[in-house]
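Colleague: I'm new to this one. Could you walk me through how to read it?

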Amino acid sequence: MSVNFTAWNNTGMNVLFGLSQIIQPYPASTVAIGTFDGVHVGHQAIIRTAIEDAKAHQRPALIFTFDRHPAELVAPERVPGYLTTPSQRLHLLSELHPSAVIVAHFDTALSELSPEAFVRGILKEKLNAKAIIVGQNFYFGKGRAGDVGYLAQVQEEYGYRLNALEAVEVDGEPASSTRIRELLRQGEIASAERVLGHPYLLAGQVVKGLQLGRTLGFPTANLALEVRQVVPADGIYAVRVTLDDGRTLGGVCSIGNRPTIEGAGHSIETYLFDFDEDIYGRKMEIQFVQRLREERKYDTLEALVTQIHLDVEQAKYVLRNAS
């Protein structure tokens with residue numbers, strides 16, 4: 001995935017894009033390390049622990065993360081779907097108020113670093129970490145050879161204190177990005193968001209589709225994803241949509257192959273309530289509030305239109321009563 005670093009940040013937070021932006025080594029720091037895709041409740045615990053430690057010792061709290069999932073480079077066939085776009089991730093990180101976020105470009109050179117070179121060259125020489133906060137399942141270095149055992153083993157040599165946090169439990173199970181992806185793919189929005197600790201948002205650009213919705217009297221905005229995010233299970237959802245001008249609108253989102261229309265293909269299309277503007281080419285985010293039903297095939301277009309009217313009324317009811 002090719003990413004324009006500077007396009008990520010509209011948070012006002014101090015963000016350093018690439019290790020080369022660290023001109024002078026930090027005099028001392030507390031560092032939280034991770035990919036942090038989704039910034040779920042487990043990630044939040046790691047970062048808040050780092051911030052508390054930094055405040056207690058009067059030093060900056062740094063988040064060290066990467067511009068893409070490491071698997072994009074080292075195992076592209078196993079890259080998981082993203083839970084956040086780069087800009088969403090930075091926005092969520094900014095809400096935790098770290099001193100700075102360092103976004104390292106995960107390239108071949110970084111992937112080839114040994115655990116020792118990573119700790120010495122980055123954590124010690126550039127960040128001067130006095131405390132390192134990670135999750136128990138953190139791996140780093142070439143071939144994922146480094147882990148919390150290694151970080152604990154060399155902490156005295158490199159002058160830092162390691163805090164490897166146990167996974168946060170939600171609904172009796174450990175919070176993880178893998179679990180969130182599974183819940184989303186099952187359409188379990190509320191359960192996924194309890195693990196995330198915030199709403200799930202799909203982001204992208206409105207593109208022209210087959211304009212089937214307009215033909216049926218329900219013009220839709222078809223979303224082309226900004227990055228390869230996890231798409232919730234096929235079905236009909238009550239949603240809130242935020243346009244790139246800041247307006248938020250209610251709507252009904254249909255995800256799936258539109259089986260009533262032969263050959264329609266898979267799409268993410270949203271009917272926006274009380275809205276009739278040309279927004280092709282504009283960016284928008286979809287927040288999934290509740291899954292209303294599964295996708296179905298109807299015998300006639302008239303039957304489909306009747307169901308859409310029912311979906312719209314149900315979605316409006318859900319959105320009126322949603323917290």
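Modeller: Let's begin with burial: buried means under 20% relative accessible area, exposed over 50%, and partly exposed in between, using a 1.4 Å probe and protein chains only. Ala203 is buried, as its relative accessible area is 3%. Keep in mind that this is a predicted model, where local features need pLDDT of at least 70, side-chain atom pairs count only at pLDDT 80 or more, and totals for chains, interfaces and linings use all residues. Residues are numbered from 1 along each chain as its sequence is written, and side-chain values use heavy atoms, with hydrogens and water left out.

Colleague: Where does Ala203 lie?

Modeller: Helices (H or I, at least four residues) and strands (E, at least two) are DSSP runs, numbered from the N terminus. Ala203 lies in strand β11.

Colleague: Which residues is Ala203 in contact with?

Modeller: Contact means heavy atoms within 4.5 Å. Leaving aside neighbours within four places in sequence, Ala203 has contacts that include Thr85, Gln88, Leu223 and Met284.

Colleague: What is a nonpolar core?

Modeller: It's a set of buried Ala, Val, Leu, Ile, Met, Phe, Trp, Tyr and Cys residues joined through side-chain atoms within 4.5 Å. In soluble globular proteins, nonpolar side chains tend to be buried together. Here the largest such core has 32 residues, and Met284 and Phe288 are among those with the most contacts inside it. Elements giving two or more residues to this core include α8 (177-185), β11 (201-207) and β16 (283-293). A second, separate core of 31 residues includes Val31 and Phe66.

Colleague: And is Gln44 buried or exposed?

Modeller: Buried, at 11% relative accessible area. Gln44 sits in helix α1 (residues 41-56).
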